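Dear colleague,

I am passing on the structure below, together with some notes on what was found in it. Please read them alongside the coordinates.

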Amino acid sequence: MAITDWPEGERPREKLLQKGASSLSDAELLAIFLRTGLPGKSAVDLARELLGRFGNLTTLFAAGEKEFCQTPGMGAAKYAQLQAVLEMAKRALHEEMSERDALSSPQAVRDYLRLRLQGLPHEVFMALFLDAQNRVIVSEELFRGTLTQTSVYPREVVKRALHHNAAAVILAHNHPSGVAEPSNADQVLTQALKNALVLVDVRVLDHFIVAGSGFLSFAERGLL
């Protein structure tokens with residue numbers, strides 16, 4: 001049955017307008033993005049097929065163009081459209097962090113880092129450089145590694161902090177394994193970075209690990 005034949009209160013678009021986006025399932029939200037289905041499949045059916053193929057929204061968002069386009073009905077135009085939506089979300093969160101004290105809007109920081117790091121097949125180490133009011137100046141991917149490890153050089157992090165005239169920094173990296181628990185190497189690295197940055201009067205406010213749906217804060221864990 002086509003979505004237009006559904007009861008009005010069950011159609012994703014109408015449901016969103018009446019009850020808000022949070023009332024929709026992942027498949028319903030994705031169906032609104034897709035707009036149309038295929039012969040014999042509604043947009044919701046196609047959305048469920050996509051989620052079944054990729055497992056969840058996180059993995060879908062992180063998929064490359066080739067992998068995404070292997071799903072019937074998906075092409076380069078739809079992939080480009082999805083990437084544009086994700087980039088707008090990242091920029092909106094970055095604007096929020098740039099205009100407000102990052103410590104007073106921790107959810108924006110977490111959401112931004114999740115969008116940047118969740119679902120990546122390799123490790124990435126990045127930093128948010130902040131001014132004296134804890135507003136984000138810029139976010140940078142500093143190092144990229146393999147599935148299990150990344151080489152991080154404190155001297156390079158210090159150089160980037162000085163380049164941006166940063167007063168503080170928030171560190172972050174991902175664990176493609178899906179386990180957010182910090183390794184001994186993560187803790188040693190964090191302390192080394194903290195010791196190096198304090199020499200140039202740059203504070204390390206936190207170090208986050210993004211791992212699948214997991215999220216760990218060194219500051220909250222008492223590891224800073």
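Predicted model: local features only at pLDDT ≥ 70, side-chain atom pairs only at ≥ 80, totals over all residues.

Phe125 belongs to strand 1 and Phe143 to strand 2, so their pair ties together parts that are 18 residues apart in sequence. Their ring centres are 6.1 Å apart and the planes stand at 50 degrees, so this pair counts as tilted. Ring pairs also bring in Tyr153, which forms a cluster with Phe125 and Phe143.

As for the setting, strand 1 (residues 124–130) pairs with strand 2 in the antiparallel sense over seven bridges, and within that pairing Phe125 stands opposite Phe143. The two strands are part of an open sheet of five strands with mixed pairing, in the order 2-1-3-4-5, whose edges are strand 2 (136–144) and strand 5 (214–217). Helix 8 (residues 154–163) lies across strand 1 and strand 2, and runs at about 155 degrees to strand 2.

Four aromatic pairs were counted in total. Another of them joins Phe208 and Phe215, with centres 5.0 Å apart and planes at 45 degrees, so it is tilted as well. Phe208 is buried at 6% relative accessibility, and Phe215, with a relative accessible area of 16%, is likewise buried because the cut-off is 20%.

Finally, two charged side chains sit over rings: the charged end of Arg53 is 5.7 Å from the ring centre of Phe54, while Lys78 lies over the face of Phe33, at 5.6 Å from the ring centre.

Note on methods. Residues numbered from 1 in each chain as written. Heavy atoms only, no water. Pairing = 2+ DSSP bridges. Helix = DSSP H or I, 4+ residues; strand = E, 2+ residues; numbered from the N terminus. Contact = heavy atoms within 4.5 Å. Axes fitted to C-alpha atoms, helices over the stretch in contact; angles between N-to-C directions. Phe/Tyr/Trp six-rings, centres within 6.5 Å; stacked < 30°, edge-to-face > 60°. Buried < 20%, exposed > 50% of the residue type's maximum accessible area, 1.4 Å probe, protein only. Lys NZ or Arg CZ within 6 Å of the ring centre and 35° of its normal.
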